[in-house]
Amino acid sequence: MKFGIVGTNFVSDFFMDGAKQESRCEVVAVSSLTLDLAKEFGEKHKIEYCFKSYQDMYEANVIEAVYIAVPNALHKEVACYFLERKIPVFLEKPMASNYDEVVSIMNLAKENNVYIQEGLIPLYNPNFIKLKESIKAIGRIHQVVFNFSKYSSRYDAYLRNENPTTFQAKLSNGAIMDLGVYIMADCVGLFGKPNKVLSACSLLDTKADISGSSILIYDDFIATLMYSKASDTTNSCEINGEDGSIFINTPSMMRDFTIINRKTSEKEVVNVGEKDMFYYEIKTMIDCVEQGVIENTLCSHETSLAIHSVLTECREQAGVVFPQDKK
């Protein structure tokens with residue numbers, strides 16, 4: 001399948017790492033903000049065609065699918081452009097600025113009978129699938145605590161008054177959209193949509209959030225989620241049940257997890273994935289497009305809608321407002 005890439009930031013490099021492990025994926029084109037940026041990325045990864053816009057890339061008639069990694073505020077615009085032209089779309093997380101935009105994207109995909117996929121790495125990981133199967137081993141769940149915090153190098157730039165895009169609400173950026181979305185996706189992917197959410201955050205003067213906490217309330221337990229781009233933590237993520245606990249390594253990647261039996265203290269480290277994290281997403285997309293379906297079962301339309309319903313409500317409660325929310 002011949003892919004085009006829209007956007008040339010570091011996550012597009014990660015896509016290329018995964019693409020090189022999937023023989024059916026051939027990246028033939030790239031577009032960026034400028035032709036120079038596209039050429040720089042193209043030379044780095046030996047991509048044949050380079051363009052100054054995604055429209056030019058489509059008009060060249062060289063791609064069969066597209067990977068989109070542009071600022072969050074542009075996700076809907078770019079995704080809809082390709083969906084309208086029946087080009088299958090791999091859209092980097094978060095799918096859009098808010099729940100209503102996600103609904104619009106999903107509806108357009110259905111209307112045009114074309115595949116759309118949200119790039120939430122952990123949900124496609126074999127370790128995550130195994131984790132869902134393993135939860136029953138710890139008995140009835142009473143507590144879930146997920147923390148995903150990383151000190152951003154761009155925060156230093158913010159402190160120097162350089163106004164990096166990472167912390168601009170007008171681009172739909174901030175801690176909850178960058179890091180919080182991963183642990184919300186993990187939680188919804190494991191337990192479904194919660195009955196209720198409570199959320200608060202710390203805002204910068206750009207109106208983007210730098211850190212926050214959300215509580216997802218289920219029938220029998222609550223899940224406490226914490227995220228920050230101004231601190232480093234061990235990113236401990238644990239699910240605690242009556243018979244034991246599960247500790248998750250790297251919530252954004254799900255590289256492995258550990259099951260601990262409460263009674264025997266026996267530990268089992270589980271890691272069933274062998275490929276680059278992006279490989280599983282790319283493989284899933286190609287499989288689905290070849291099968292003629294418009295969504296996958298690992299991160300279905302319903303799952304993405306549930307995640308973004310929670311994400312949007314948490315932002316609203318915390319006072320994180322984007323321009324797209326006011327339309």
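Lys229 counts as buried, at 6% relative accessibility, where buried means under 20% relative accessible area, exposed over 50% and partly exposed in between, with a 1.4 Å probe and protein chains only. This is a predicted model, in which local features need pLDDT of at least 70 and side-chain atom pairs count only at pLDDT 80 or more, while totals for chains, interfaces and linings use all residues. Residues are numbered from 1 along each chain as its sequence is written, and side-chain values use heavy atoms, with hydrogens and water left out.

**Lys229**

- Lys229 is found in the loop that runs between strand E10 (222–228) and strand E11 (237–241); helices (H or I, at least four residues) and strands (E, at least two) are DSSP runs numbered from the N terminus.
- The side chains of Lys229 and Asp178 are joined by a polar contact of 2.5 Å, a term for a pair of N or O atoms within 3.5 Å of which, within protein, one must be able to donate a hydrogen and the other to accept it, residues adjacent in sequence counting only if both atoms are side-chain atoms.
- Not counting residues up to four places away in sequence, Lys229 touches residues including Lys150, Tyr155, Phe167, Asp178 and Ile210, contact being heavy atoms within 4.5 Å.

**Largest pocket**

- The largest pocket holds about 1,300 Å³ of space, a volume being the space filled by probe spheres set on grid points that are joined across faces, edges and corners.
- Among the 45 residues that line the largest pocket, Asn9, Phe10, Val11, Val70 and Asp178 are the closest to its centre; on a 1 Å grid over the protein atoms alone, a pocket is an open set of points with protein on both sides within 12 Å along at least five of seven lines, where a 1.4 Å probe fits, and lining residues have an atom within 4 Å of a point.
- Helix H9 gives the most to this lining, with four residues.

**Cysteines**

- The structure holds zero disulfides, a disulfide being a pair of cysteine sulfur atoms within 2.5 Å.
- Cys187 is buried at 0% relative accessibility, and its sulfur is 10 Å from the closest cysteine sulfur, in Cys237, which is too far for a bond.
- Cys299 is likewise buried, at 3%, and its sulfur lies 11 Å from the closest cysteine sulfur, in Cys288, again too far for a bond.
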